[in-house]
Amino acid sequence: EDSFIEEKEYETLKSLIKRKKNIILQGSPGVGKTFTAKRLAYSILGNKDDSKIKLVQFHQNYSYEDFIEGYRPKEDGGFVLKKGPFYEFCKKAEADQENKYFFIIDEINRGNLSKIFGEMMVLIEEDKRGDEINLVYSMEGFSVPKNLYIIGMMNTADRSIAIIDYALRRRFVFYELLPAFNSNK
């Protein structure tokens, strides 16, 4: 009710994300993409459980090392392998297969997606969920769980929209959100 979109549009969105597991909400700045993404997740969860939702924002300097895992300097010298938010959230979802989890990425088109996702590009596909590969740094076996859904948001006014390559485009369904000025909600 509080998503400010028509019921038919909501049902379409819900159906798309359940089927594909990855969706990108695109639209003009200020149209309510982030708000809608959270409300969509809450409605599928059945309650406003923020412990099952993780929100990150991509930018030009965001990398695989930030997103999945990478070496970080220690205060006393040397380096330590640190896990990123996508890795941590996948592990959380994997440990709780009975529930759905939503990873929300704001400004998804602002990062270098091939660089950020790395080998996750294959694992986020709906039919590859649960398949395991070795991570680049730790060589640990890793998979994206079947109960994890990815919602990305991007501004159509942003010129970096053209940077999204075909490899990523085919793994996501794109959905245009329009301003709801004439909405009954």
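1. How many residues does helix 2 have, and how far does it reach from its first C-alpha to its last? This is a predicted model. In it, helix 2 has 13 residues and reaches 18 Å, close to the 18 Å expected at 1.5 Å a residue.

2. Buried positions run along helix 2. They are Lys33, Thr36, Ala37, Arg39, Leu40, Ala41, Tyr42, Ile44 and Leu45. Note that Lys33 and Arg39 are on this list. The cover over these buried residues includes helix 1 (7-20), strand 1, strand 2 (53-57), strand 5 and strand 8.

3. Look at both ends of helix 2. Gly30 sits in the loop between strand 1 (22-27) and helix 2 (33-45). Gly30 is exposed, because its relative accessible area is 81%, and the cut-off for exposed is over 50%. Just after helix 2, Gly46 takes a positive phi of about 95 degrees.

4. Now the largest nonpolar core. It holds 31 residues, and Phe58, Phe67, Phe86, Phe117 and Met120 touch the most other members. Two or more residues each come from helix 3 (64-67), helix 4 (85-94), strand 5 (101-106), helix 5 (113-117), helix 6 (120-123) and strand 8 (148-155). Helix 4 gives the most, with 5 residues.

5. Phe67 deserves a look on screen. Leaving out residues up to four places away in sequence, Phe67 touches Phe58, Tyr62, Gly84, Pro85, Phe86, Tyr87, Phe103, Ile105, Ile116 and Phe117.

6. There is also a second, separate core. It has 23 residues, among them Ile44, Phe102, Tyr149 and Met153. Ile44 is also one of the buried residues of helix 2.

Methods: Residues are numbered from 1 along each chain as its sequence is written. This is a predicted model: local features need pLDDT of at least 70, side-chain atom pairs count only at pLDDT 80 or more; totals for chains, interfaces and linings use all residues. Side-chain values use heavy atoms; hydrogens and water are left out. A nonpolar core is a set of buried Ala, Val, Leu, Ile, Met, Phe, Trp, Tyr and Cys residues joined through side-chain atoms within 4.5 Å. Buried means under 20% relative accessible area, exposed over 50%, partly exposed in between (1.4 Å probe, protein chains only). Helices (H or I, at least four residues) and strands (E, at least two) are DSSP runs, numbered from the N terminus. Contact means heavy atoms within 4.5 Å. The expected span of a helix is 1.5 Å times one less than its number of residues.
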